[in-house]
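This report goes through a single protein chain, from its overall make-up to selected residues. The sequence and the structure are shown first.

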Amino acid sequence: MLKSKRILSAMLLLILMCMMLIFSGCSSSYSYGGDVLDAGDSAYVFLNAGQKLELDFAELFGNYVQDIKKVEMVSGNKKIFKVKGNEIRGIDTGMSDAKVTIYTEKSGSITFTVYVYVVNPFKMTEIKTVQDLADMCKNEKGAYILKSNLDLKDFDDWLPIAKYSADGNYVNSFRGMFINPDGYKIKNMTIRSVANRPDSRSNDLGLGLFETLFGAYVDGLILEDICIDTTAVIDRDLNAGGVCGYAVGSVIRNCKVDGLVVSQSSVGGIAGAFSRGIMFNSHFKGAVENTSSAESGGSGGIIGLGYENLWLIDCIAEGAIRGKLYAGGMIGQRSGFNSSFDKTEDYVRNCSFTGELNALYTGEIYGLLRNS
């Protein structure tokens, strides 16, 4: 009897330990945490809730400041992350930033920004069905985790995720978080018209899984066999990409897209137009085409039109990139640099393109590079 009780106690203890690992070990279920990316005069940190990371300020910002005397770092939201010295600790799901002030022996002080993204999969809304995916339009600021493979073949024209009014007009962009740590796939997204978009705007409609990302975080999204082809839409200038039509101040990370993207303005395999953000470790395979001769657009393997402080790191594009004026292996057209720290060539690092480029102006990185 005593031996049986000991065995039972040991089994209960083992079960309890397993439960503790399940509910406290978010970092083991989400493998993308613990990373830091330097982007010139700023940095990006990705953490799981409960995870800690120490920053090497000399390594991150050593190109801009030397003879560091003292460093102060302050959390922008202690509910999301806390700081202690040079250490950042993830607290709960969310996005915020830390202000880093570096004091030097000779040059006084200078302030940098560290953008921090923290995820806790157990506190995120699960996306298990196509309807769940479509319902993200109801809360454009939510935090979502994909938990199943999805097939969009029954949607004739996918309505890009955004907030819409009752009569279907665009109200707001997606400003939340979407992660896919388990590698689920979304297949057969098709957009051939904008008949489901009664919006009166003519020059700023975005087409993709998301309409526009604004201050958003998308990580691990896998889109297969997509078809965006608005050739038949002749009265609208449309920006299109597999993940989104537009992105502003956002992070797109670890994403993969394959298929066809054809539209009339800024067209990219992953994003139509992208400003002030970062795309990291993402891959497109397929065909991209911009059918318009307007000088404001472009056709790119990753991004159609990039401007201002946009960083592209460890990205790959494969396929056929075509346009009337500009076709770039990475970015169709790039303009609007406004950083006082970095050279234009520093904004694209360790990226590659293989395939066909066909337009008046072409390049393996940029189809056209404007320095203003």
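## Overall make-up

The model is predicted. Its chain holds four helices and 36 strands. Of the 372 residues, 52% count as buried.

Among the contacts in the chain with a separation of 6 or more, 73% are accounted for by residues 24 or more positions apart.

## The largest pocket

The largest pocket has about 390 Å³ of space. Of the 16 residues in its lining, Y44, Y115, Y117, G249 and R276 are the closest to the centre. The elements that contribute two or more residues to this lining are β2 (42-48), β7 (94-104), β8 (109-119) and β29 (303-313). The most comes from β7, which gives three residues.

By residue class, the lining of the largest pocket is made up of seven nonpolar, six polar and three charged residues.

## Aromatic pairs and a cluster

There are 13 aromatic pairs in the structure. One of them joins Y44 and Y117, whose rings are stacked, with 6.4 Å from centre to centre and 15 degrees between the planes. This pair links distant parts of the chain, since Y44 belongs to strand β2 and Y117 to strand β8, 73 residues apart. Both Y44 and Y117 are buried. A second pair, Y326 with Y361, is tilted: the centres are 5.8 Å apart and the planes make 35 degrees. Y326 is in strand β31 (residues 326-328) and Y361 is in strand β35 (residues 361-363), so the pair ties together parts of the chain 35 residues apart in sequence.

Y361, at 42%, is partly exposed, a class that runs between the buried limit and the exposed one of over 50%. Y44 and Y117 also belong to one aromatic cluster, together with F46, Y115 and Y217. Y44, Y115 and Y117 are also among the residues closest to the centre of the largest pocket.

## A buried serine in a loop

S292 sits in the loop between β27 (283-290) and β28 (298-300). With a relative accessible area of 17%, S292 counts as buried.

The side chain of S292 comes to 3.4 Å from the backbone oxygen of Q264. Leaving aside residues up to four places away in sequence, S292 touches Q264 and K324.

## Two residues with positive phi

D67 is not a glycine, yet its phi is positive, at about 40 degrees. D67 is located in the loop between α3 (57-61) and β4 (68-75). Its relative accessibility is 34%, so D67 counts as partly exposed.

N281 likewise has a positive phi, near 50 degrees, and is a residue other than glycine. N281 is placed in the loop between β26 (271-280) and β27. With 40% relative accessibility, N281 is partly exposed.

Terms used
Residues numbered from 1 in each chain as written. Predicted model: local features only at pLDDT ≥ 70, side-chain atom pairs only at ≥ 80, totals over all residues. Heavy atoms only, no water. 1 Å grid on protein atoms, 1.4 Å probe; cavity = no way out; pocket = protein on both sides within 12 Å on 5 of 7 lines; lining within 4 Å. Points joined across faces, edges and corners; volume = space filled by probe spheres on them. Nonpolar A, V, L, I, M, F, W, Y, C, P; charged D, E, K, R; others polar. Buried < 20%, exposed > 50% of the residue type's maximum accessible area, 1.4 Å probe, protein only. Polar contact = N/O pair within 3.5 Å; in protein donor to acceptor, adjacent residues only side chain to side chain. Contact = heavy atoms within 4.5 Å. Phe/Tyr/Trp six-rings, centres within 6.5 Å; stacked < 30°, edge-to-face > 60°.
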